[in-house]
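Work through these exercises with the sequence and the 3D structure at hand. Each task is followed by a worked solution.

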Amino acid sequence: QELPFGTEYLANAEWYLSRREKYSFAAKCGYNAEPHNHNDVGSFIFATDKGQMLADIGALEYTRDTFSPRRYTLLHNSSLGHSVPIVDGKEQEKGEKYRGKVLSAGENDFSMEIDGAYNGDVGKITRSFSLNDDGVVLTDRFDGLNGKPVTERFISVIKPQVLDDCVVIGDTIIKAHTLPEVSLRVLEDKKPTTVDVYIMDYPLSGEEFKLEITQKSK
């Protein structure tokens with residue numbers, strides 16, 4: 001069944017969902033001990049009728065490692081396999097205390113603090129999304145990094161095309177202050193199927209990172 005156009009915030013789950021004429025968008029806050037948990041506080045999906053341009057990999061096939069202490073060494077369960085920052089080389093941690101905090105959830109905006117999902121002193125990290133008719137602008141603000149390096153990571157299952165001033169994924173244009181380093185991981189799913197996962201890593205310069213995600217004009 002097709003979802004209606006509009007925006008909905010599911011307060012209990014801390015999920016933000018918006019369906020527009022040109023795209024659909026979903027983002028989550030929450031915490032890292034949810035049922036069937038992935039470490040994914042602050043992660044999001046941007047999809048068009050061509051598929052997920054910025055994606056959630058999903059659960060993939062359950063294996064012995066899925067239910068073992070190795071669970072979060074699996075890319076799709078780890079925050080390293082989600083569109084969230086890597087701070088001072090740190091990924092997000094598992095456990096109920098590792099959580100975000102929703103700041104606002106309006107018709108055209110969603111913002112949260114996500115530093116609580118990381119262990120140690122990573123300062124304050126505010127992730128905000130601004131939605132318009134053509135796409136989404138993501139803004140991450142980092143306060144109190146004290147020189148710690150940050151990699152802004154984004155995930156796609158469609159091969160990105162890196163151009164001179166932007167990245168094109170399917171029918172979507174992605175712009176930031178610089179271009180990403182792109183790498184490929186091939187993950188096993190239900191045999192003999194595999195999933196190509198494209199990782200786009202942008203270095204942070206300064207205390208703010210902005211990513212513009214826009215569907216190409218048809």
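Strands (E, at least two residues) are DSSP runs, numbered from the N terminus. This is a predicted model: local features need pLDDT of at least 70, side-chain atom pairs count only at pLDDT 80 or more, and totals for chains, interfaces and linings use all residues. Residues are numbered from 1 along each chain as its sequence is written.

**Exercise 1.** Find which strand gives the largest share of the lining of the largest pocket.

Solution. A pocket is an open set of points on a 1 Å grid where a 1.4 Å probe fits, with protein on both sides within 12 Å along at least five of seven lines; lining residues have an atom within 4 Å of a point. Start with the space: about 410 Å³. Of the 18 lining residues, Trp15, Lys28, Asp40, Ser43 and Asp56 are the closest to the centre. Next, take the strands: β2 (15-19), β3 (24-28) and β5 (44-48) each supply at least two lining residues. β3 gives the largest share, three residues.

**Exercise 2.** Work out the strand order of the open four-stranded sheet, and name its edges.

Solution. Two strands pair if DSSP finds at least two bridges between them. The order is β7-β13-β18-β17, with antiparallel pairing. β7 (85-87) and β17 (181-188) each have a single partner strand, so they stand at the edges. From one strand to the next, the twist averages 30°. Now look inside the sheet: six bridges join β13 (residues 150-156) to β18 (residues 194-203). Ile155 stands opposite Ile199 in β18.

**Exercise 3.** Decide whether Cys29 is buried or exposed.

Solution. Buried means under 20% relative accessible area, exposed over 50% (1.4 Å probe, protein chains only). Cys29 has 0% relative accessibility, so Cys29 is buried.

How values were computed: Heavy atoms only, no water. Points joined across faces, edges and corners; volume = space filled by probe spheres on them. Axes fitted to C-alpha atoms, helices over the stretch in contact; angles between N-to-C directions.
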